[in-house]
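Here is a short report on pockets and salt bridges. Please keep the sequence and the 3D view at hand while reading.

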Amino acid sequence: MRELIELQKLLLPDLLDVMEQRYSVLNSVDLFQPVGRRTLAENTGLTERGVRSEIDFLQKQGLVQITSRGMFISKEGKLLLERMAGFISELKGLHVLESQLKDKLNVGNILILPGNSDQYDWVKQEMGKACVSYLKEILKNQSTIAVTGGTTMAAVAQVMHPLRKDPDYIFVPARGGIGEKVENQANTIVAEMAGKSKGEYRLLYVPDPLSESAYNSIINEPSVSDILAQIKGANIVLHGIGDAMTMADRRKTTEAVSAVLIKNKAISEAFGYYFDAEGNVVHKVRTAGIQLDDLQTVENVITIAGGKSKSKAIASYFKQGKSNLLITDEAAAKEILDI
């Protein structure tokens, strides 16, 4: 296939550009349906006039349906998307990128999706869909899935669907809440994941961060220690990677701690740990839930993080962090390789 693509680039370069553009429009219809032209324009980078032209073509081909509520993808369109996914990946050279990135990062496997999730929400949702597909492959009887908070995990929750015919898995928050928007809280996300997948869930009503006295008091509460034991016994962990100073701001970190992070050149954050460019821990937030050392005994750790803005944070975390799979996007991957 690679040779055919290279020949097409030489003889019919415009054809490949058109294919990629129509794939993007069709994919956006699938993700945001029912959807209007304005939303499609915002998520594809096309003008409304350009979207109208592409939708007219896709409708004539029977790939989308237009109703008073908005546009929907047809069964034929859905099938085409699934069949074209591998081709688009090959077209963009993503398999080559995956191999190069795997050599650079300390990670078992890497999956790269087209696009830049900093610019388009649909890219983040595509990463979410890839995560759900992988979950279906690795899920075992009576699995416990621990999930962190954040916008990326919220995107995974949006595209979640039943993982098995007879659900016997449970979702738990990987740590306490950090006072951000409720839709990005781990508790909210696990409840949505469980609801859409027909699984079970438990919640952890503990703030993050905690003072030493509050931490020692809370973790000894029977109801809290019970859920903490379940969280630490998770065999699957889903987590994102944050930019250090962005996460410090979201935690409403004190000026003194912020000064420490700046002085020590903190780059990334995960599980309440802040890392510098070499992956050294420069600060640790006292938090209830999964700790970095706990990951060493977790059977499957899945990391989802993308966007050009996250490239340094991803590279920083994987100097030390453990993961069986990194799901990222094209923009982040290219930037990491250039660092």
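Residue classes come first: Ala, Val, Leu, Ile, Met, Phe, Trp, Tyr, Cys and Pro count as nonpolar, Asp, Glu, Lys and Arg as charged, and the others, Gly among them, as polar. By these classes, the lining of the largest pocket has 14 nonpolar, seven polar and eight charged residues.

This is a predicted model, where local features need pLDDT of at least 70, side-chain atom pairs need pLDDT 80 or more, and totals for chains, interfaces and linings use all residues. Numbering runs from 1 along each chain as its sequence is written, and side-chain values use heavy atoms, without hydrogens and water.

**Pockets**

A pocket is an open set of points on a 1 Å grid over the protein atoms alone, where a 1.4 Å probe fits, with protein on both sides within 12 Å along at least five of seven lines; lining residues have an atom within 4 Å of a point. Volume is the space filled by probe spheres set on the points.

The largest pocket holds about 710 Å³ of space. Its lining counts 29 residues, with A85, L113, E126, A130 and S133 nearest the centre. Helices (H or I, at least four residues) and strands (E, at least two) are DSSP runs, numbered from the N terminus. Helix α7 (121-138) is among the elements that supply at least two lining residues. The share from α7 is the largest, at nine residues.

The second largest pocket holds about 440 Å³. Among its 30 lining residues, G150, I241, G242, R250 and K310 are closest to the centre. Its lining has seven nonpolar, 15 polar and eight charged residues.

**Salt bridges**

Side chains of opposite charge can pair when their charged atoms come close. A salt bridge here is a side-chain nitrogen of Lys or Arg within 4 Å of a carboxyl oxygen of Asp or Glu. The count is 12. Three of them are listed below.

| Pair | Closest N and O atoms |
|---|---|
| D168 and R164 | 4.0 Å |
| R175 and E269 | 3.6 Å |
| E192 and K196 | 3.0 Å |

What does the R175 and E269 pair tie together? R175 lies in the loop between β5 (170-173) and α9 (186-197), and E269 in strand β9, so the pair joins parts 94 residues apart in sequence. Both residues, R175 and E269, are buried (under 20% relative accessible area; exposed is over 50%, partly exposed in between, with a 1.4 Å probe and protein chains only).

E192 and K196 sit four residues apart in helix α9, about one helical turn. E192 is partly exposed at 30%, and K196 is partly exposed at 31%.

A network of salt bridges links D30, K78, E126 and K129.
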